[in-house]
Amino acid sequence: SSSSVSTPKEEVNIWCIFTKAAGNASMKYKLLTFTHSLVENANSVMISLHVIVDTSSQRIAQEILQSVKDTLKKDIKISFYDVNQIAKDLKSLVAAMQPHFSSQPGSYYSDSLFFLSLGLHRIAPVSMSRAAMFDIDTKVLTDVGKLFELFESFGNDTLFALAPELSPVYRHVLYLYRSKNPSSKIGDPIATGGFPGLNSGVILFALDRLRNSPMYPHLVHAFNVTSLTKKYSFKGHLGDQDFYTLLGFEHPELVSVIPCNWNRQLCTWWSDHGYRDVMPQYAQCEGKVHVWHGNCNTPIPVT
Ligand code: UPG
C-alpha cells in the first residue's frame, strides 16, 4: 500500500570552524559557499551543523546561515561552540602537537584552531557517535548522506577517515627520511602505489570509538608525538593533517583513506615551487567531484 507519510530523515552531524571572520569578506563568502552547497544537495539527510566560533564570528555566521535557510527554504539545526573554551579544554593536546606541526609561534598554522579536530570527541555531545568536519573553503556537490555511507566501509579499528593529500607536500617534508629509507612509500603518490599523506579538509570521525579507545590518549600524548616525529625526522607546518598523515602511515588500521573525489584540492603552490614535474601524479583524481577544496585560497571553479 502507498503512504504519504514520509519517514524522518537521518540526522548527520557536520562540524566546521569559523573564527576571525570580522572584517574578512573572503571568510564570509567561503562560509556561504560551503553551507549553501552542503544544504542544497543534502536530500537524503537532515543536517545538524556545529560551528566553532568566536563571539563576533558567531553573529556573522548566524546571518549567513539564516540567509541559506531562507534562500533554500530548508531547515537545518545549528549549534555554536566557543573556540576559546575548546582551546582551553584541549590545551595539552594542542601543546603536544604545536612544536612539531606548525612553523613558528604566531605563524598562520600555529593557531590552536588547526589542531582542534584531534580532540573533537571530547568536545562533541556524548550522544554524538559519528561526525564529519569540513574546512569552509569547500563546495559540496553531492548529497552529504553519501559521504556518511562511507562509515559502513570502516574497519573494526578505524577512528578517522580522510582523503589523500593531492600535492607533494609530504614528499618535501619527508625529504630526509625518504633519502635514508629509499624503499619507503611515505610521501609517494598513490599513482605509483605510495602513501602521499592525508588532507584534513574533510574528516570522518568515529567519535564513540575515539572516546572508548584505550590507545588514542597515548598516541596524542607529547611523548609519543615526539617519538613519532623523530622516527620520520618530521617537521611539518599544516597542523592536524601532519599528525593524521603520520598516524595513517604508522597505524593504517586506525585511519582509513576515502576517495579523493570527496576532497578534491585545488592548491597548485607546490607546482610553482620545485615540483612541477611530479605534481600531476599527486593531483590525479578520477571520477565525479563530490567536494571541491579551494585550499591556499584557490578559487573554486563555477560549475
Ligand atoms: N579557519 C578559521 N579562521 C581562520 C583560519 C582558518 O575559521 O582565521 C578555519 C576555516 O574553517 C578554514 C580552516 O580553518 O577552512 C583551515 O584553514 P585554511 O586557511 O582553509 O587552510 P588551507 O590552506 O585551505 O588548508 C590546508 C590544508 C587543509 C588543512 C589546513 C590546516 O589543505 O586541509 O586543514 O591546511 O591544516
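1. Start with Thr138: which residue in S10 is its bridge partner? In this predicted model, Thr138 is partnered by His293 of S10. The two strands involved, S5 and S10 (residues 291-293), run antiparallel to each other and share three bridges.

2. That pairing belongs to an open sheet of three strands, ordered S5-S10-S9 and mixed in its pairing. S5 and S9 (264-265) are the edge strands with a single partner strand each, so one side of each has no neighbour in the sheet.

3. H1 gives the largest share, with nine residues. Sorted by class, the lining of this pocket has nine nonpolar, nine polar and four charged residues.

4. Now the other sheet. Seven strands make up an open sheet in the order S3-S2-S1-S4-S7-S6-S8, again with mixed pairing. Its edges are S3 (77-82) and S8 (255-257), each of which pairs on one side only. Ignoring direction, neighbouring strands in this sheet are turned by 25° against each other on average.

5. At the S3 end, have a look at how S2 (residues 45-53) meets S3: they pair in the parallel sense, over six bridges. Within that stretch, Ile52 sits opposite Tyr81 of S3. Helix H2 (residues 55-72) packs on the sheet here, touching S1 (10-18), S2 and S3. The direction of H2 makes about 170° with that of S3.

6. Another helix to check against this sheet is H12 (residues 240-250). H12 lies across S6 (160-164), S7 (198-206) and S8. What angle does H12 make with S7? H12 runs at about 70° to S7.

7. Last, the aromatics. The structure has 15 aromatic pairs, one of them being Phe101 with Phe234. Why does this pair count as edge-to-face? The ring centres of Phe101 and Phe234 are 5.8 Å apart and the planes stand at 70°, over the 60 degrees that the class requires, so the pair is edge-to-face.

Terms used
Residues are numbered from 1 along each chain as its sequence is written. This is a predicted model: local features need pLDDT of at least 70, side-chain atom pairs count only at pLDDT 80 or more; totals for chains, interfaces and linings use all residues. Side-chain values use heavy atoms; hydrogens and water are left out. Helices (H or I, at least four residues) and strands (E, at least two) are DSSP runs, numbered from the N terminus. Ala, Val, Leu, Ile, Met, Phe, Trp, Tyr, Cys and Pro count as nonpolar, Asp, Glu, Lys and Arg as charged, and the others, Gly among them, as polar. Two strands pair if DSSP finds at least two bridges between them. Axes are lines fitted to C-alpha atoms, for helices over the stretch in contact, and angles run from 0 to 180 degrees between N-to-C directions. Contact means heavy atoms within 4.5 Å. Rings of Phe, Tyr and Trp (its six-membered ring) pair if their centres lie within 6.5 Å; planes under 30 degrees apart count as stacked, over 60 as edge-to-face and the rest as tilted.
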